[in-house]
Amino acid sequence: MAVTQRQIAVEANVSPSTVAAVMSEAQRGRITPEVQARVFAAAEKLGYRPNRHAQVMRGMKSNCIGILSFGATSSLVQRKLKAVTEAVLANDYRFIVEEALWYQTLGKEAIVRIIDNLIDARVEGVLLNYPVVSFSQELADRLLEAKIPVVSIARHGKLQIPQYISDRPWGYRAVTRHLLEGGYRRLLLLASPRSDGYEGYHEALADYPEAQRASRVLIPELPRERLLDYPADARVYAEGAIAAEQVLAQGDLPEAIVCSNDEWAVGALTTFTRAGLHVPRDLALTGFDNASCSAFGTVPITTVDHPITEIAVNAVNHLIRLVRGEVAPGTEAIRVQGRLLIRDSCGLGSGSAN
């Protein structure tokens, strides 16, 4: 149960009106420093948190959006963060960014403190940038109970909030269909258990029964002890390299590999090249998300563009409409389609296609 100002008044042995004055920046100056200190001490002891809803009803708006991000080592998450801040500024709001990645090892209580910091800053809404699996509905409810609407810009199956996400099923369907239309029949999906949308791969194969019978999926084993040999921001490339080793160990190479992301594709390309294979002559390869690394190197990677700007703009606009009470809270997942970017690694020409 929330602590009231009347309880603080009893604890500090002052009147409720004195507590109200201390809690008001406009009136605090008429209260002596000694009494202020006593009131603040009582409030801290009782765990008092100002009623944000009451403050807003009194017109005390912060005009500030909180951004809770979980991907300091991910280029995709950082690109989304940039797009989100630009969208917030374009709507004449300020923003506060809290990077939660560094606090994850400290457990749930550290994230709670970050959320409380945003509440104390009186942010009017919070945007979650790639919340980790351990970010629970209970944590989201801490914001919602403070009358702060929340929107996510990544898929999180446990959260009952609006989520703006890349249409990954469409993307896997598009890149798989492109390979099939180019004549490939023995495909391999190199699948990360952290990702989703793979139904698009199977849907595309369903239109080609011969290819469906000849194709397969591999979820590679990624030994933690091997990954720890690499810096944190390089491990996703190492995962792709290790996954490719397992493809080679199986023998009977596929004609084309669809990778979960571009970093895996670059890592796999490294392993295949060291093994004496030429991409795409011996083996076609595709990625996903259009990471910066995918467009460079001797073999640029065919990929599916992640619609970063569209997701950021739509998510921020939705959040601001929630802040203003223009739309009702919802739990929908809104998919945004990207583009298929055809490059050298698939062996089917380069350029772009919708």
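Residues are numbered from 1 along each chain as its sequence is written. In this predicted model, local features need pLDDT of at least 70 and side-chain atom pairs count only at pLDDT 80 or more, while totals for chains, interfaces and linings use all residues; side-chain values use heavy atoms, without hydrogens or water.

**Helix H13**

Select residues 262–274, which form helix H13. Helices (DSSP runs of H or I, at least four residues) and strands (E, at least two) are numbered from the N terminus. H13 has 13 residues and reaches 18 Å from its first C-alpha to its last, close to the 18 Å expected at 1.5 Å a residue; the expected span is 1.5 Å times one less than the number of residues.

Next, colour the buried residues of H13, among them Trp264, Leu269 and Phe272. Buried means under 20% relative accessible area, with exposed over 50% and partly exposed in between (1.4 Å probe, protein chains only). The buried residues of H13 pack against several elements, including helix H5 (75–90), helix H12 (235–250) and strand S8 (256–259).

Now show Asn261, which caps the N-terminal end of H13 with a side-chain oxygen 3.2 Å from the backbone nitrogen of Glu263. Just after H13, Gly276 takes a positive phi of about 90 degrees.

**Ser192**

Move to Ser192, in the loop between strand S6 (187–190) and helix H9 (199–206). Ser192 is buried, with a relative accessible area of 3%. Leaving aside neighbours within four places in sequence, Ser192 is in contact (heavy atoms within 4.5 Å) with Tyr198, Ser260 and Trp264. Trp264 is one of the buried residues of H13.

**The largest pocket**

Select Phe70, Ser74, Val77, Tyr130 and Arg194: of the 45 residues lining the largest pocket, these are the closest to its centre. H5 gives the most to this lining, with five residues. The lining divides into 18 nonpolar, 13 polar and 14 charged residues. Here Ala, Val, Leu, Ile, Met, Phe, Trp, Tyr, Cys and Pro count as nonpolar, Asp, Glu, Lys and Arg as charged, and the others, Gly among them, as polar.

**Gln137**

Finish at Gln137, in helix H7 (residues 137–144). At 18% relative accessibility, Gln137 counts as buried. Not counting residues up to four places away in sequence, Gln137 touches Leu144, Lys158, Leu159 and Gln160. Its side chain reaches the backbone nitrogen of Gln160 at 2.6 Å. Gln137 and Glu326 are 189 residues apart in sequence and 24 Å apart in space, C-alpha to C-alpha.

Notes. A polar contact is a pair of N or O atoms within 3.5 Å; within protein, one must be able to donate a hydrogen and the other to accept it, and residues adjacent in sequence count only if both atoms are side-chain atoms. On a 1 Å grid over the protein atoms alone, a cavity is a set of points where a 1.4 Å probe fits but cannot get out, and a pocket is an open set with protein on both sides within 12 Å along at least five of seven lines; lining residues have an atom within 4 Å of a point.
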